[in-house]
Amino acid sequence: MNKTNLIKALSFLSLFSIPLIISNPYYGDVLIIYCIFVIYALSLDLLLGYTGIISFGHASFFGLGAYASAIMTLKLHLSYWLGLLIAVGITAVVAFLIGSLTLRKLKGIYFAIVSFAITQVFRFLVVEWETVTNGAAGIASIPPPEINLIFEKIAFKSEQSYLFIVIAFVILVTLSLYRVVNSGLGRAFLAIREGEDLARSIGIDTCKYKKIALVISAIIAAISGSLYGHYISAIGPRIFSLHYVSLPLIIVIVGGKGTLLGAFIGAALFFVLPEFLGFKPEMKMVIFGLLLLMSIIYMPDGIASKLGQIRDKFFVKNGEIKNGKVTVRN
Amino acid sequence: MDLLLQQLFNGVVLGMTYGLVASGLSLIFGIMGVLNFAHGELYMIGAYITMFLTKAYGLSYVWGGLIAVGLVVIISFVLERVAIGPILNRDYMSPFLSSFALSIILANLIQYVFGANPKRLPSPFEIPIEVKGLILTQQKILIIVCGIAVILALNLVIKSTKIGKILRATSQNVTAASLVGINSSRTYMYAFGIAGGLAALSGILLAPLINLYPTMGSTAIIKGFIVVVLGGLGSISGAVIGGLLLGSAEVITATFFGSGWKDVVGYIILIAILIWKPTGLFGKTSD
Amino acid sequence: MAKLLLEISQATKYFAGLRAVDDVNFRVFEGQICGLIGPNGAGKTTLFNIITGFLSPTSGKVIFNETDITGTAPETIAKMHLVRTFQQTNMFSHLTVFDNVLTGTFLLNRYNLWDSIWKTKNFRNNEDELKKLTYQTLRYCEMEHLSSTRASNLSYGNQKKLGLAIALATRPQLLLLDEPAAGLNNKETMQMASILKKIQKDFGITILLVEHDLKFVMSLCENIVVLNHGQKIAEGPPNTIKEHSKVVEVYLGTNHQHNSH
């Protein structure tokens, strides 16, 4: 391990000291919700920001993750971790099926509408399939995750302990996504966003890669949904509502789409800042609706890329290969 | 049999309001290529303003409704100028997303002002009439009459007036229209105003039959999407037919499967049509 | 005789009854630079779309490297090393020049999702290779100084070159260029011509190009196909084409009229 890697590893480890510093459960709660929605927004960013697919149905995957893992632990008495794994698996399969049905034919707003309609079908199914989902009443007393050590079980019940878990997931998801978007796969996603015909002409099977983006994105959304359900311990069909569709959209667009950092900025604005300002919930939504509108009109690339422009002004990036070692072969 | 007939009648009434909402949505899409997510909120606001005017100023339902339609037309003008017009040529995503932002703003603003609790908008036309076992109300008949009148008028306006000509020219070719001196940006504003007025009108007509609540706009817009997809995006007659079809389909489904199934039938229709016949049931199949 | 690389036989495409391409036959041999010319609406781009799979012909065949590729998906055709550029959308406008060309190396990716998440040795080696190739390609197109510029901020001439560089990064065997010199000034046109010649000489890449600029085509191409109203009206080396009566009448004739206005 060289020096930079060591520094990176240490700085990630230092993030885990946050739960130790924050002892006030109220701030712990705010941070947990923040982390969960950062993950949820990151998942949408992969689709909206990187692949250029506008989804109004991301709540399907968020809700499916929450419901599936709640059912696994409550009704089948599986451990949280196995339940999470199965929930993620189910969501991935569902996303694959949805992608296969819709992505080849539907583009732009048509996909947006259909994805929202699919979310509403999920809501309907959850309400109607009472024996499994408890119908309109929803599922209550979802247990917190546990780790089974040989001598005793540790339940992540308190805000402090749950914060450990969500921080771990934020790091895991962010790092994985960062590496995905900086690989050939990420370049394929960006190429699709920038122009499908050109992407196809250089050999990118756009339909296949859109499906891959949808499945990866759905997996991450399912993780955030599951973390959400097991944290607030009660979920209902409302998880499939327009509110949960609009949250990641607002966060990603205001924060800056296609940057990953944007999800962190947007979620901080949405979940952390208002805690100190004390808005009524409706007024908060009005203000964020206005912020969304202004972002779209005046700052379509969001806050994160504004920051990026400022950074570029001061630290000019000199291409990816700086050393003149590379020589032309022919 | 009587029950089914009664339900079908209710379906037609419901479908007519869907058609009214969708016709405006379709008009905007046909002319500007924008799917206006805030259209449902204009419908909701129309009903809330009427309720406010009747309660606070003691205006009658009719006068309150007429003023509300006028106000919503003005609001629509402003919204188009501020949020849609400036980004119309950027990409397909931006106007749709900005209309979504408008929808969030308007719905929450109304909730902030009037609260989340359902409100009632009484109408003087709620007297029941019985015709051969069918129970009708004047309000329901008014909805059907207004629906037909508005759709006929709209078709007439588009086919044979100067504004209609401008609207059609702009929808076919913006550049050519601007070459012959048509100000497309003003045309868009008119189209938005007309559509907003239609939305408000349908909200005001339907409100006495249902309760008012701030999220009724998003419910309506989804129905509107289903209807325009059924009838073919951009076609106004298609919107009315689509509305009637959806209204009847919902009522019939509710009768046979229970009311929980009422909404999902529309979503399934929407998904199926967009996947297998994206031009709508009555749209031309393109090459 | 050089190897036969691309063969178009009896390609026909109707658009709502209109014959955009009508029974066109021609061949491209390995190592050639071949030109496709004709007035506006002659069916050149339609033919390009047919060859590269963006359109299916109403009838007729496209054979590339002895494989029938008629109606094959564009991405599959690209995998066979037949790559095209576009007239308009020839770059990923929000990405840097370097990332544009790096994206062009997509087919040379030799690692999977797991490799990229764990940054395995395989991933690092392959990425280094691709970045080297990108750098070489940029240098080859004389654009390495622009590598961190956003594509949308490039001059028009450089955008055209970038389009070519992206296509080149795919390591094509046959390159189809849709109006590579359109809108370029004299100096840029000369530079483009010299790059194309170099590509053909250095890499042995075969080129088929659509172009309006006759001087450009005549100076560059060994074989020229002339289309008018979807039909092939002449084919041959530049000297023959220059004197071909039909070509003079249809193509140069209208051009002269145009100039006299």
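Trainee: How exposed is Val62(B)?

Mentor: Val62(B) has a relative accessible area of 39%, so the residue counts as partly exposed. Keep in mind that this model is predicted.

Trainee: Where in chain B is Val62(B) found?

Mentor: Look at helix H3, residues 61-84 of chain B; Val62(B) is in that helix.

Trainee: Now strands. How do side chains sit along a regular strand?

Mentor: They alternate between the two faces of the sheet.

Trainee: How many bridges join strands E1 and E2 of chain C?

Mentor: Eight bridges join them. E1 covers residues 4-15 of chain C, E2 covers residues 18-29, and the two run antiparallel. Take Leu4(C) in the structure: its bridge partner in E2(C) is Phe29(C).

Trainee: What lies between E1(C) and E2(C) in the hairpin?

Mentor: Two residues lie between the strands. Check Ala16(C) in the turn: its phi is positive, about 45 degrees.

Trainee: Last topic, cysteines. How many disulfides does the structure hold?

Mentor: Zero, over all chains. Take Cys221(C): the nearest cysteine sulfur belongs to Cys34(C) and is 6.7 Å away. A disulfide needs the sulfur atoms within 2.5 Å, so Cys221(C) is in none.

Trainee: Is Cys221(C) buried or exposed?

Mentor: Buried, because its relative accessibility is 5% and the cut-off for buried is under 20%. Cys146(B) has a relative accessible area of 21%, so that cysteine is partly exposed.

Technical notes:
Residues numbered from 1 in each chain as written. Chains lettered and ligands numbered in written order. Predicted model: local features only at pLDDT ≥ 70, side-chain atom pairs only at ≥ 80, totals over all residues. Heavy atoms only, no water. Helix = DSSP H or I, 4+ residues; strand = E, 2+ residues; numbered from the N terminus. Buried < 20%, exposed > 50% of the residue type's maximum accessible area, 1.4 Å probe, protein only. Pairing = 2+ DSSP bridges.
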